[in-house]
Structures are given as structure tokens and as C-alpha cells.
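Keep the structure open while you read.

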Amino acid sequence: MQALQVQKLYSRSGGILTRSLFCKSTWEAYLKEHENTQKILFLFDSFNEEKSYKRLLEEMLKSPISSIKTTGDVLRYIDAPRGFFCGTTGMFDATPRYTYLRKTSTLPLKRGAILPSRELVEQLISLGYEHSPHIGRPYTYHIQGSEMKIRDEYHIFHLSYFDDEIDDILIWGNQDGTSLTPVRVSDATLYAKQGELLPESCKNIQNIGSGFVWTFDLDFFPEREALREQFSGWIGFESSGSPLHISPISFENLEAFGKHLTEYGAQTFVYTSLTSAVNRYLEYNGLQVAQITQIPKLRLESAESEKGFYITDDVLGELFVEKRTKKQTLKSLDLLMTLKIGDYVVHQEHGIGKFLEMTEKTVMGINREYIAIEYAKNDKLYVPITELYRVTKYLGEEHPKVHELGGSVWKKTLKDTEAEVLKTAEELLDIYARRKITPGFAFKKFREEEEIFRLSFPHTHTIDQQTAIEEIFEDMETPEPMDRLLCGDVGFGKTEVAMNAAYKAVLSGKQVAVISPLVVLTLEHFESFTKRFAGTHINIAVLSRLSSTKEVTAALAGIKNGTVQIIVGTHRLLGADIQFARLWLLVIDEEHRFGVIDKEKIKRLRTGIDILSLSATPIPRSLNLSLSGLKKLSLLTTPPPNKKPIGTQVIKWDEHILREVIIRELDRGGQIIFLHNRVASLAGTAKDIERVAGRKLHPLILHGQMKSEEIENTLLDFRSGKNNCLVSTTVIENGVNFLNANTIIIDHADEFGLAQLHQLRGRVGRKDQDAHCLLVYRKEVLPEDSKKRLISLVEYAHLGAGFEIAMRDLEIRGAGEILGIAQSGRSRETGVSLYLKLLENKMQELRSGSIQHTTDIKIELDIQFVLPESLFNGDVDKIHFYRSLEGIDSVEDLESTEISLTRNHGNNENVERLFLILKARILLSKYGVFHLKKVLKDYVFDFRNATTQDIRNFLTIDQEGNFLVQNLERVRVSQNLYDSDLDFLSKLVYSIQASERR
């Protein structure tokens with residue numbers, strides 16, 4: 001064994017970015033001296049630490065890194081001749097069992113071996129592989145004749161059989177996952193899908209081979225010396241020691257950033273997800289940096305050291321990012337719906353029809369994929385899959401009338417809808433304009449105090465939480481009144497974000513009101529605020545029907561004279577006797593649950609002040625407001641660490657199953673919530689549950705008709721653990737936290753709304769324990785809508801499913817009054833998705849004063865492409881893939897997607913042709929082109945609403961004078977100048993990009 005050759009000391013204070021840079025430079029220096037070592041291992045003290053560094057290291061090393069989390073992963077690492085790996089020291093625990101693990105967790109393949117395919121399938125199944133017609137997912141296989149394809153996590157294996165003999169083995173992908181061409185091999189090894197999860201630390205160090213090891217945060221690792229002695233390669237320790245003199249860096253504005261680059265550009269290294277914006281800025285201002293590297297959007301800290309300046313998105317985001325609008329949400333609205341045969345769809349030019357199938361058709365010798373839509377009189381429309389942007393899923397009535405192809409009904413409907421959309425857009429813009437001129441308040445910046453408050457949170461903010469806080473702070477620091485909707489699933493940290501906003505408001509000497517629709521939710525908020533603000537000397541009061549006379553009197557006086565800085569309450573805060581001294585931030589939780597009268601009072605209260613609305617499920621009624629810009633939207637979709645999805649099951653009433661579920665929860669020391677929404681039979685139900693359980697439950701009963709003191713005492717008793725069962729109505733629906741209750745049984749679940757069921761399910765699973773939700777129905781035959789709701793809740797049981805559930809609820813219930821405005825009737829005739837699309841386009845048009853160019857461009861050229869089936873898990877997956885491409889509106893993002901696709905699935909000329917067409921659509925849209933086609937012997941560009949300047953700009957593309965202008969609506973070029981349509985489009989795209997660079 002070799003002794004420790006090199007030990008590096010490094011300060012822990014540098015943050016992820018600079019520590020990773022230091023690791024990278026040390027690794028590069030090592031490779032210069034040890035060129036033969038090609039296997040690199042990064043060791044961390046926890047899987048959370050590994051997760052934070054892994055993505056960044058992948059970008060810096062320009063290579064994927066394999067996580068070692070299971071026993072199967074250890075085998076991959078030991079077998080690999082090269083590659084990058086990361087894990088915790090717990091991986092050493094697996095090495096004493098190496099022989100056993102290899103026998104049970106691997107499957108060797110050898111060319112010439114006799115291994116009948118049926119036996120191979122049996123072994124694959126034992127290793128956790130599943131059959132799939134497209135092997136689009138890891139750990140799947142597919143047999144077709146004498147050929148078998150198998151996909152593990154990093155490779156695709158293509159086996160050819162001659163009778164029962166493996167005649168040939170081709171592999172796509174190397175150990176680093178970058179190979180795009182097949183390699184013929186004589187033998188290979190398949191690894192099991194599942195493996196025993198490794199511990200985070202080990203008991204004994206076992207030698208696992210040679211290579212380079214770099215450790216993080218193992219200063220006090222007991223086996224550190226054993227690791228040094230046992231590992232047979234080169235090892236470096238990252239620990240506390242001599243510092244690198246790293247300090248944070250920031251810039252007040254773009255001008256300050258420009259001055260810095262003028263002086264220190266040659267020493268500045270940029271790591272960002274915003275390369276396009278930064279490059280445009282550098283080019284426009286004639287500035288340079290030493291290096292600019294594209295990385296994913298990560299939470300990194302910019303820093304200055306003796307080696308240079310490392311700038312990333314914590315600084316660049318404030319300088320360059322245009323804050324999110326929900327145009328992306330509009331594009332995703334139809335994508336979130338599962339499209340299946342028989343569903344109603346809307347084609348923008350032809351109206352409502354039925355989706356039949358996806359099919360390949362050969363037209364004029366060109367093979368392409370189409371979706372088939374059936375219209376009245378059995379007429380069929382075949383839409384090229386590249387033109388899916390013209391089709392949306394119909395959301396409205398359950399059985400709408402199907403239109404006739406070429407008929408006049410749809411044209412009249414569309415014309416009437418466009419007139420209504422114009423009126424609606426004008427009304428919304430009028431509201432927007434009036435709010436714009438209302439005098440507001442620009443909150444001051446208290447960066448140091450705000451950062452101290454942020455860091456005092458006992459947990460690490462998720463990326464989404466941090467982004468939402470930054471967006472809200474930016475809104476508050478402008479004089480224009482804020483109106484922002486914060487959407488996040490149950491337990492994703494909306495309240496924490498709101499408390500950061502409240503703290504900022506109080507620092508500026510303003511009052512904050514937090515209003516919620518339910519007493520129990522108000523009590524939760526008051527408790528949360530009181531704990532979070534402990535030690536800040538901020539006075540917080542609560543006002544609800546549970547407040548005593550003395551508490552009400554004190555709160556009213558404090559609100560009026562300003563000594564109460566944060567007031568938490570129900571609709572009681574809307575009373576005529578409430579007089580605020582200096583209210584300037586209103587936080588509204590679940591506003592849609594307030595009554596009509598209360599909503600009118602809120603409207604009067606909110607005039608001119610900053611509004612932050614919270615919602616667990618972003619209701620469709622608010623969608624148009626965020627799309628139009630009247631209400632900005634922040635989304636929390638990243639779950640907190642260790643949060644697990646809630647296991648959800650639908651059953652018909654079965655006492656044996658219920659008994660098993662109840663006893664299982666009680667045996668692990670937990671509590672049960674049994675939800676029964678009929679007050680009259682609540683007490684009898686409690687006795688039934690106790691009988692079913694077969695043991696003493698001590699159930700508590702809770703409903704909204706109880707006296708306020710009883711409600712409060714019951715909640716407190718259950719939360720304190722005095723009773724192990726709560727039999728309740730939906731009074732607990734919003735916000736109530738029961739940290740030790742991890743099983744909820746919802747009786748008559750078929751009678752609840754989908755979003756309501758999702759909220760109720762969120763009452764459990766607040767800790768890192770496994771949580772369960774049992775949806776119980778008693779009817780012999782369930783209505784179709786009830787079936788859909790229950791099935792949907794099981795399908796959308798993953799973390800962060802709130803938005804999808806809201807959209808699915810809309811699909812089941814129909815559009816209703818989705819827009820929340822008088823002119824919403826046409827949304828049923830056109831479908832909600834198309835209505836919102838038309839509204840968004842009209843809003844943009846009215847705001848800008850001119851018709852906006854869109855990427856809805858039809859390209860009709862003889863360019864064939866049919867993507868390989870191996871990319872998809874069926875037709876629905878394929879539709880979603882194309883839908884996701886339509887949401888991309890920049891060439892940079894499109895190219896990045898193409899690189900990712902080819903990296904994972906290999907080069908393919910069909911993929912290249914598809915992305916060429918998509919790229920052409922984006923580039924041509926800037927000039928007002930809406931149709932590119934062939935007419936006789938010419939390629940013809942048709943323009944819509946083009947100006948003379950648009951045409952002039954378009955002609956700058958043509959450096960050889962081949963483009964001929966017919967009028968402001970048409971430009972043509974001879975086909976004889978090009979070898980093929982593919983040659984023409986390739987050269988056109990190249991010319992446009994070259995023109996833009998000039």
C-alpha cells in the first residue's frame with residue numbers, strides 16, 4: 001500500500017463553487033503527473049452533500065458522475081476501468097460481501113455463450129428489469145425475433161441470437177455515458193436495478209482498488225488514517241486549514257459590473273445558466289472575461305480569491321434575469337393533460353374534433369408522423385406532429401359538439417371569441433393601468449439583516465424558495481404595488497417565504513396583515529410566525545373568533561397605534577372596527593376560500609398596498625391574471641429534503657384492510673386521522689372505527705359546529721399526543737399540521753373534489769416518516785367523475801403535484817368560470833387552452849401597440865424524419881416530447897436540448913432534421929414569416945403583417961442577391977440554387993445565424 005502522497009488544505013468558508021474549482025484545479029494538476037489513472041472517486045460525508053456538488057462537478061469536468069448509493073453501484077465502480085464516481089464512506093461496507101454481491105447482482109453476457117432468450121429474460125426479471133416496447137427507460141428490455149435490446153442505467157445492449165447462442169453484442173455508451181456510436185464487444189456485464197441502500201458512514205475501511213480519491217468534509221472522519229493506508233492510489237483531503245482568502249463579491253448594478261470587467265475582465269471566470277444574456281451584454285459593450293461556462297441553474301455563491309473572480313447566478317440573476325411570467329404556464333397547460341384515444345381536441349383553424357391515433361403516412365414520397373383527428377361526418381384531419389402547436393386538448397363541456405371540416409360554425413365561433421377576447425383584454429389592461437398609477441411604497445433594502453433572518457431558518461431553503469424570496473423582494477423594492485401569487489404544494493415552504501417578506505416590511509417600519517379563511521389555519525400561522533420571529537422583538541398578535549375579549553381589545557389598540565407590527569387573523573381583520581396605522585403588506589392564504597362579501601372587503605383593503613397571495617393548488621381562476629401580468633407568479637416545486645410522497649390507495653370499504661392500516665400506524669407510535677364529513681353520524685363513526693380496530697383508540701371528535709373553545713382544545717389535545725385518533729370533518733382541510741399523524745383515512749372519498757382531497761391528504765406526511773392515505777368509497781357503482789378523481793389522486797401522488805391536480809380537476813369539472821370575469825362563456829366553445837392562448841396574444845398586442853410575431857410558422861418542405869421508437873414510452877410520451885419542444889423559444893435552449901438528446905440516445909439524422917426545422921421556425925419568426933412552402937420552382941416565404949423594415953431586415957440574410965421580393969407579403973427564391981429541400985433549409989438557417997452575428 002502506498003502512503004499518502006499529497007494532502008491539500010483548504011478553507012471550509014469558500015462555498016460550493018470555489019471549493020469545486022479548487023478540487024478541479026488540483027485534479028488537473030494530478031492528471032499531469034499520473035496520466036494512466038482514469039478512475040476518480042469523490043467522497044462526501046453525506047448524500048445531501050454529494051447531491052449539492054455532483055451537478056456542478058459534472059459541468060466543470062465535462063463528464064457525467066455516477067452516484068454510489070447501493071451495493072450494485074459499488075460493483076459498477078469496482079468493475080469500471082475509468083470514469084467519475086461519488087459517494088459516501090459507507091461504500092466501503094459493501095466490499096467484504098463482494099463475492100456474494102457479484103453472484104446475486106450481476107449477469108455476465110458473452111459472445112458465443114449458450115443462453116436461451118427465455119432464460120435470459122427470467123434472469124433479467126430477477127435483476128429488476130421490465131419489458132418495454134421502446135426501452136425508453138433504464139432497466140428495460142425488448143425482444144423482436146432473434147434480436148434483444150436491453151437498457152441499464154448507462155448503456156443500451158443489442159444482442160443478436162443464432163438459435164440459443166449469443167451471436168453478437170453491440171453496446172451504445174461507455175462508462176462515462178458519452179459514446180454515441182455502437183461498440184462491438186465479446187463480453188459485457190448487466191447490473192441489478194435495485195441494490196441494498198448503503199449507510200452514510202462505514203465501520204471498517206476495505207480496499208476497493210486504485211485510482212484518485214478526493215474527500216470532502218471528512219476532517220473528523222475516524223477512519224481517515226485507515227483510508228490513507230488502505231487505498232492503493234493517490235488521495236487528497238479537503239479540510240479546514242490554511243485559507244484561500246475567499247470573500248463574497250457582488251455588484252449594485254450593470255454599470256458597476258461593467259467597470260469591474262473593464263479592469264479585471266482577464267481575471268474573471270463566469271459560471272452561469274444565463275450564457276446568452278451575458279454574451280450579448282459582453283458583445284454589445286465590447287467587454288471580455290477570462291472564461292464563461294454554461295452550467296445548470298444552481299444555488300452558488302460568487303466569490304473573490306487570490307486566483308481571480310468567480311461570478312455566478314447569485315449575482316448575474318439580479319443583473320440579467322427578466323423575472324418569470326407565466327407564459328410558460330400557458331404553454332404547459334395542455335401538456336399536463338394526458339391525451340388518449342377518444343379525447344376531444346381543438347385545432348385552431350378547424351375547431352373541435354376527436355383524437356384518433358398517431359400514425360405514419362407517406363405523402364409525395366416523404367414519410368412523416370401525424371396525429372389523426374376525426375371531425376363530423378367521419379372526416380379526418382392529419383396534422384404533422386411538428387405542427388402540434390395548432391392543437392390543444394379541449395377543456396370545457398364533457399361532450400362538446402364536433403365541428404365539420406371546412407364548415408362555417410367554427411369560423412363564426414372563433415370570430416366571436418376573438419371579439420370577446422379583445423373586450424376582456426381591454427378590461428384587464430384598464431385594471432392594470434389603474435393599479436400602475438396608484439401610489440405605492442418602495443421598501444428599503446436591508447441586505448445584511450435580511451440575510452441574517454434567512455440564515456436563522458433551521459433548514460436550508462430550497463432553490464425555489466430562495467428564488468421566490470428574491471422575486472418578492474424585487475417587487476417590494478419598487479414603488480409599484482406588488483400583486484404576486486405564491487403557489488406551492490403542501491409542506492413546500494410557502495409560509496417561510498411569506499415570513500421573509502413580512503420581516504422586510506417590518507424593517508421598513510410598515511405593518512403586515514396575514515389573513516386566512518379558517519380559524520385553525522390562523523392559529524397555525526400565528527404559532528409559526530411567533531416561533532420564527534422569536535428574538536426579533538417584533539410584536540405579533542392574532543385575531544379570530546377564538547380570541548378573548550381582552551385579546552381583541554389589545555390587538556385592536558395595537559393595530560391602530562402601530563405597536564402591533566404583524567397581525568394574523570381570519571376575516572375578522574376585515575371588520576369595520578379595524579384601523580391600521582401603516583399597513584403596507586397583505587398576505588392572503590387561500591383567497592378563493594373566502595366568501596363573496598369578504599372578497600369585496602379584501603379588494604377595498606388592498607388598494608395601493610403590496611399583496612402576496614398563497615395557494616397550495618394554483619386555481620385556474622387566477623391563471624389568466626398571471627398570464628396577463630396583473631398578478632405575478634412564483635412557484636415552489638422543489639420538495640424539502642427528506643420529504644417523501646404520501647402512499648395513496650383507493651379501496652371499497654373493507655374492515656380487514658382498515659384494521660390492518662390502523663394497527664400498523666399505532667404499532668409504530670403514530671396517530672390516525674379518520675375523515676368523515678357528516679356531522680350527524682360523526683360520533684357513530686368514531687365507535688365504528690374503534691370496533692374495526694379491535695383495540696382502545698381513544699378517538700377525538702372534531703367538526704365546525706362545535707364551540708370555538710372545544711375546537712381549539714380538541715386540536716391541541718390531538719397535536720400533543722393525548723389521543724391516538726382524530727375523527728373529523730373537513731374543518732382540518734387547510735394548513736393544520738399534525739407532525740405525528742402519518743395515516744389518514746378519508747371516508748366517502750368519492751364525494752370530495754380532487755383539489756380538496758389533495759389538501760386533505762397533505763395533513764399527514766409532514767415529517768420524514770412514510771405516510772399513507774386511504775381513499776374509501778362505499779357505493780356499489782361509482783359515478784364516472786368520482787372514479788376519475790380517485791384514480792387521478794393516485795396517479796398524482798408524487799411530490800409537487802399540486803399544479804397538475806388543479807389542472808386535472810379543471811378537466812374533470814369542466815371550465816366553469818375559469819377566468820373569473822363576465823366574458824368567460826366563449827371558453828366552453830373554444831376550450832380553455834385555446835381561449836387563454838388567444839387572450840395572451842391579444843394582451844401582448846395591446847400592450848406593444850403592434851401585432852406580435854409568433855413561432856407558429858408552417859414549414860412545408862420535403863424533409864423526412866421519423867424519430868426512433870426507442871426514444872419514447874408510447875404515443876402519449878411522444879406527444880409530450882413534441883409539446884415540450886414547442887415551449888422552447890430560443891435557439892440556444894433548442895441546441896442544448898438537442899445535445900442532451902444525442903448524448904443520451906446517440907446521433908440520428910432524423911433528430912438532426914427535426915431540430916433543423918424547429919430552429920428555422922424560431923429564426924424566421926423574428927422577421928414575420930408565417931409560412932415557408934414550395935410553389936412551382938420556387939421556395940416561397942409568406943409574411944403576415946410585415947412592415948417594410950421587416951422585409952429589409954429579412955433581405956440582409958441573403959448575401960448573394962438570390963431573394964426576390966414580390967410584395968410586402970411574399971419573398972421567393974429559386975429551387976434550382978439548391979441540391980434539395982434539406983440543403984436549402986440548412987443553408988438558410990446558417991445564413992440567418994451568420995447575419996445575426998454580423
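In this predicted model, the count of aromatic pairs comes to 22. Take F42 and F84: their ring centres are 6.5 Å apart and their planes stand at 5°, so the pair is stacked. F42 belongs to strand β1 (residues 39-44) and F84 to strand β3 (residues 83-88), so the pair ties together parts 42 residues apart in sequence. F42 and F84 are both buried.

F954 and F963 also form a stacked pair. Both of these residues are buried. The two pairs are listed below.

| Pair | Centre to centre | Angle between planes |
|---|---|---|
| F42 and F84 | 6.5 Å | 5° |
| F954 and F963 | 5.4 Å | 20° |

Ring pairs also build a cluster, which links Y927, Y939, F941, F943, F954, F963, Y978 and F984.

Now the cores. The largest nonpolar core has 55 residues, and F941, F954 and L988 have the most contacts inside it. Helix α29 (residues 909-925) gives the largest share of this core, 10 residues. A second, separate core holds 32 residues, including A468, I469, M476 and V506. Beyond its sequence neighbours within four places, F941 contacts several residues, among them L924, F954, F963, F984 and L988.

Charges sit over rings too. K510 lies over the face of F441, 4.3 Å from the ring centre. R778 lies over the face of W653, at 3.8 Å.

Last, A541. This residue sits in strand β26 (residues 540-543). Is A541 buried or exposed? Its relative accessible area is 11%, under the 20% cut-off, so A541 is buried. Leaving out residues up to four places away in sequence, A541 touches F526, A555, V564, I566, I567 and V568.

Note on methods
Residues are numbered from 1 along each chain as its sequence is written. This is a predicted model: local features need pLDDT of at least 70, side-chain atom pairs count only at pLDDT 80 or more; totals for chains, interfaces and linings use all residues. Side-chain values use heavy atoms; hydrogens and water are left out. Helices (H or I, at least four residues) and strands (E, at least two) are DSSP runs, numbered from the N terminus. Buried means under 20% relative accessible area, exposed over 50%, partly exposed in between (1.4 Å probe, protein chains only). Contact means heavy atoms within 4.5 Å. A nonpolar core is a set of buried Ala, Val, Leu, Ile, Met, Phe, Trp, Tyr and Cys residues joined through side-chain atoms within 4.5 Å. Rings of Phe, Tyr and Trp (its six-membered ring) pair if their centres lie within 6.5 Å; planes under 30 degrees apart count as stacked, over 60 as edge-to-face and the rest as tilted. A charge sits over a ring if NZ of Lys or CZ of Arg is within 6 Å of the ring centre and within 35 degrees of the ring normal.
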